[in-house]
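Dear colleague,

Here is the structure we spoke about, with sequence and coordinates together. My notes follow below it.

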Protein chains: 2
Amino acid sequence: MNIPEKVINRLSLYHFIFDNLSENEQYISSTKIAQLLNIDDSQVRKDIKYLDNSGKCRVGYEVKKLKFAIEEKLGFKQNRDAFIVGAGNLGSALAKYDSFKDYGLNILAMFDNDPKKIGTIINGKEVFDLTKVSNLALRLGVDIAILTVPKEYAKSAANYLAGAGIKYIWNFTPCILDVPKDVKVWNENLIGSFLQFTNNNEV
Amino acid sequence: MNIPEKVINRLSLYHFIFDNLSENEQYISSTKIAQLLNIDDSQVRKDIKYLDNSGKCRVGYEVKKLKFAIEEKLGFKQNRDAFIVGAGNLGSALAKYDSFKDYGLNILAMFDNDPKKIGTIINGKEVFDLTKVSNLALRLGVDIAILTVPKEYAKSAANYLAGAGIKYIWNFTPCILDVPKDVKVWNENLIGSFLQFTNNNEV
């Protein structure tokens with residue numbers, strides 16, 4: 001069953017909640033989850049129906065079971081390997097964001113074209129020359145790139161990545177990439193996200 | 001008219017496209033926009049209907065007019081002032097992300113509780129002691145905080161912000177905040193975003 005994007009997003013938020021519960025809190029109600037996220041509890045129950053074993057019982061959902069069901073369904077243990085392309089501020093911050101690992105995203109290496117950055121190690125990840133992507137992608141079997149180069153280099157970098165065997169680009173630049181059809185782009189639109197927030201709340 | 005979140009997100013992506021066009025490209029078709037984003041062109045036309053003056057003419061949309069209409073509708077010129085709370089890797093990267101300014105988000109100051117960070121300047125933004133939020137929020141009329149503290153401090157920082165007059169929290173931590181009802185939280189869920197991508201594309 002295909003899970004709608006919004007549901008995936010909410011399920012991962014539920015997981016954050018469970019992750020922060022103490023060992024003593026074995027059960028949780030849909031009302032409690034809903035209240036923490038300021039959404040409707042019928043929504044929570046509907047989302048949980050997408051899971052195979054929700055651990056529902058008389059006193060609420062069994063936290064451990066529900067947590068595991070989300071991990072299974074969304075593939076937290078599938079260990080997807082990725083490169084970060086662009087070892088600037090944002091790229092380095094993402095390289096240091098250790099929570100990614102818990103959700104199955106492993107950053108194996110970083111790439112940049114700045115000689116001063118090449119050879120440095122950021123949170124255990126070596127920064128390589130951009131021209132090495134093709135070789136390393138093939139050798140390590142990596143086809144996901146997280147694109148964090150400055151806006152003005154975004155298009156050329158994306159084209160280069162497409163030619164270097166990258167099939168999935170998680171694009172953090174405020175730039176629309178024009179890549180061949182077999183390369184999937186996911187625009188991480190921070191600005192759009194901010195605008196959704198301000199427009200919906202009359203900030 | 002209230003604009004659905006997905007539409008806001010796409011309109012901001014259209015704006016990215018226009019921003020990167022050369023001066024010579026005065027007109028653009030919905031087909032071209034759709035192709036760049038790998039979506040349906042009927043979707044693009046529907047989204048543009050939310051705008052007051054789309055600049056539609058015989059040869060396509062007038063780029064300048066359409067761009068301006070998006071800016072008006074989504075409030076790019078409204079200049080919302082915000083604080084960054086947590087001057088670590090991600091906080092610093094966001095402080096250096098100059099594109100925010102173009103879309104109406106001004107970071108006025110940063111806050112941390114690490115004495116080594118307090119008093120430093122990151123991209124022109126001074127880092128203040130966290131206890132100064134209340135005072136500066138009142139003096140500068142700021143009610144938006146971008147939360148980028150480590151996960152384990154997220155809850156206490158959010159509670160502190162709620163007490164210090166912050167009304168909107170853009171939450172970048174993988175942690176669900178439990179704040180009073182009058183504080184709106186917007187979860188910037190990078191992990192959920194990654195999972196949407198991988199689950200929908202069978203990565």
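Asp19(B) counts as partly exposed, at 30% relative accessibility. In this predicted model, the side chain of Asp19(B) meets that of Lys67(B) in a salt bridge, 3.3 Å from N to O. The two residues are 48 apart and link distant parts of the chain, with Asp19(B) in helix H1 (residues 5–19) and Lys67(B) in helix H4 (residues 63–74) of chain B. Lys67(B) is also partly exposed, its relative accessible area being 23%.

A second salt bridge in chain B joins Lys167(B) to Asp182(B), with the closest N and O atoms 2.9 Å apart. Lys167(B) is in the loop between helix H8 (154–163) and strand S9 (168–171), and Asp182(B) is in the loop between S9 and strand S10 (184–187), so this pair ties together parts of chain B that lie 15 residues apart in sequence. Both ends are partly exposed: Lys167(B) has 30% relative accessibility, and Asp182(B) has 44%. Elsewhere, Asp19(A), Lys67(A) and Lys151(B) are joined into one network by salt bridges that share partners.

In chain A, Glu71(A) and Lys77(A) form a salt bridge at 3.7 Å, N to O. Lys77(A), at 56%, counts as exposed. Over all chains, a search of the whole structure finds 20 salt bridges.

Now the interface. On each side, 63 residues take part in the contact between chain A and chain B. The two chains bury about 6300 Å² between them, and 62% of this is on carbon and sulfur atoms. On the chain A side, the residues that lose the most area to chain B are Ile176(A), Phe194(A) and Phe197(A), which together make up 11% of what that side buries.

The polar part of the interface is as follows. The rule finds 4 salt bridges between chain A and chain B. One pair that forms a salt bridge is Glu5(B) with Lys6(A), where the closest N and O atoms are 3.0 Å apart. There are also 16 residue pairs in polar contact across the interface. Several elements of chain A give two or more residues to the side that touches chain B, among them helix H1 (5–19), helix H4 (63–74), strand S10 (184–187) and helix H9 (190–201). H9(A) gives the most, with 12 residues. By class, that side of chain A has 32 nonpolar, 18 polar and 13 charged residues.

Gln196(A) is in helix H9 of chain A and is buried, with a relative accessible area of 11%. Neighbours within four places in sequence aside, Gln196(A) is in contact with Glu5(B), Ile8(B), Asn9(B) and Trp186(B). Phe197(B) is in helix H9 (residues 190–201) of chain B and is buried too, at 1% relative accessible area. With neighbours within four places again left out, Phe197(B) is in contact with Tyr168(A), Ile169(A), Lys184(A) and Trp186(A), and with Val203(B).

Next, the inside of chain A. Which residues of helix H8 (residues 154–163) of chain A are buried? They are Ala154(A), Ala157(A), Ala158(A), Leu161(A) and Ala162(A). These residues cover an arc of only 140 degrees around the axis, which puts them on the same side of H8(A). The buried residues of H8(A) pack against strand S4 (80–85), helix H7 (133–140), strand S8 (144–147) and S9 of chain A. Just after H8(A), Gly165(A) takes a positive phi of about 95 degrees.

Last, a strand position. Ala109(A) is in strand S5 (residues 105–112) of chain A and is buried, at 2% relative accessible area. Setting aside neighbours within four places in sequence, Ala109(A) is in contact with Ala82(A), Phe83(A), Ile84(A), Glu126(A) and Phe128(A). Ala109(A) and Ile121(A) are 12 residues apart in sequence, and their C-alpha atoms are 9.1 Å apart in space.

Regards

Note on methods:
Residues numbered from 1 in each chain as written. Chains lettered and ligands numbered in written order. Predicted model: local features only at pLDDT ≥ 70, side-chain atom pairs only at ≥ 80, totals over all residues. Heavy atoms only, no water. Contact = heavy atoms within 4.5 Å. Buried area = accessible area lost by both parts, 1.4 Å probe. Polar contact = N/O pair within 3.5 Å; in protein donor to acceptor, adjacent residues only side chain to side chain. Helix = DSSP H or I, 4+ residues; strand = E, 2+ residues; numbered from the N terminus. Nonpolar A, V, L, I, M, F, W, Y, C, P; charged D, E, K, R; others polar. Buried < 20%, exposed > 50% of the residue type's maximum accessible area, 1.4 Å probe, protein only. Arc of directions from axis to C-beta.
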